[in-house]
Amino acid sequence: MALTTKIGRIEVVAICDFVPPPAPPTEPFPEVPIESWEPYRESSLTEDGLYPRNYGVFVLRSDDFTAIVDTGLGPGPHAAQNGVEGKLLENLAAVGVQPSDIDGVINTHIHPDHVGWNIVDGKPTFSRARYTVSREDWEHWTSQKELAPHVAENAVPLEDLDVLDLVEDDQEIFIGVRTLGTPGHTPGHQSILIESGGESAVITGDVLHTPAQLQEPHWSFRADIDKPAAIASRRMLIEKAIADKLTVAAGHLRYDGNLGHIVEIEGRRYWRVLAE
Ligand SMILES: [Zn+2]
């Protein structure tokens with residue numbers, strides 16, 4: 001199972017920040033009866049019938065830039081609350097990436113498991129990087145009366161430190177890297193499209209939480225804020241990935257299988273892990 005792939009001149013590397021213990025599937029998907037998982041046991045659950053979790057991020061490397069899409073749970077307030085700490089920095093070092101190598105941090109959305117390493121102790125973890133955040137998500141989360149701890153600690157300081165770039169949908173961040181609006185999980189959620197040398201890929205962000213959703217796109221994840229919008233974004237992304245034969249990078253799928261393709265066989269959609 002590949003942990004890295006090349007899209008034209010851009011290398012995509014799957015990195016794990018943290019693997020929480022697997023959970024009963026009704027925890028992440030409270031509206032899906034347990035028996036509905038039966039056809040997806042093999043593709044989507046552990047041997048014990050549990051939902052496997054992963055807080056994954058992706059590094060993009062080319063001759064022109066090094067970027068990271070999402071920063072995991074980190075040592076942030078949410079992690080501390082749960083008595084855990086992400087291992088992102090160690091796992092980046094293992095593939096030869098130091099925090100100071102990163103030119104750009106791209107947050108698909110402002111949830112605690114995606115911005116955790118943005119800022120640590122008031123300082124940007126990635127000292128040379130510009131931080132790219134969806135304008136709509138920024139406005140949503142930073143305008144709340146009471147800021148969530150991860151917003152206060154891992155997002156708001158980006159503006160004060162003057163390292164923040166707010167982006168719209170379909171906006172180029174690096175050559176060959178652009179935003180694709182996929183709202184619903186959060187109001188300004190963005191997936192990331194990569195196009196280089198005639199090849200293309202998409203980093204889904206939280207549009208996809210389990211391979212079962214390829215066949216059951218109406219299954220809503222617990223944290224989807226606007227469920228109908230999230231379902232519409234999921235359907236759109238699935239259709240696009242099949243039509244354009246995109247390589248798909250989905251950070252919440254199992255770490256050793258979160259790079260793959262969505263394939264359609266006899267009208268059913270499947271997750272096909274990228275082979276080495
Ligand atoms: Zn997430």
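A residue counts as buried if 20 or more other C-beta atoms lie within 10 Å of its own. The structure described here is a predicted model.

**Strand β3**
- Strand β3 spans residues 55-61, and because 7 of its 7 residues are buried, the strand is largely enclosed by the rest of the structure.
- In a regular strand the side chains alternate between the two faces of the sheet.
- Y55, V57, V59 and R61 point one way from β3, while G56, F58 and L60 point the other way; all are buried.

**Partners of β3**
- Strand β2 (residues 10-18) runs antiparallel to β3 and is joined to it by 7 bridges.
- Within this pairing, G56 in β3 has C16 opposite it.
- Strand β4 (residues 66-69) is also antiparallel to β3, with 4 bridges joining the two.
- V69 in β4 stands opposite F58, and a hairpin of 4 residues links β3 to β4.

**The β15–β16 hairpin**
- Strands β15 (residues 259-265) and β16 (residues 268-273) pair in the antiparallel sense over 6 bridges.
- R269 in β16 is the bridge partner of E264.
- The hairpin has 2 residues between its strands, and E266 in the turn has a positive phi of about 50°.

**Residue T186**
- T186 lies in the loop between β11 (177-181) and β12 (190-196).
- T186 counts as buried because it has 26 C-beta neighbours inside 10 Å.
- Leaving aside residues up to four places away in sequence, T186 touches H109, I110, H111, D137, H140 and I225.
- G205 is 19 residues from T186 along the chain, and their C-alpha atoms are separated by 11 Å.

Conventions:
Residues numbered from 1 in each chain as written. Predicted model: local features only at pLDDT ≥ 70, side-chain atom pairs only at ≥ 80, totals over all residues. Buried ≥ 20, exposed ≤ 12 C-beta atoms within 10 Å, placed from the backbone. Contact = placed C-beta atoms within 7 Å. Pairing = 2+ DSSP bridges.
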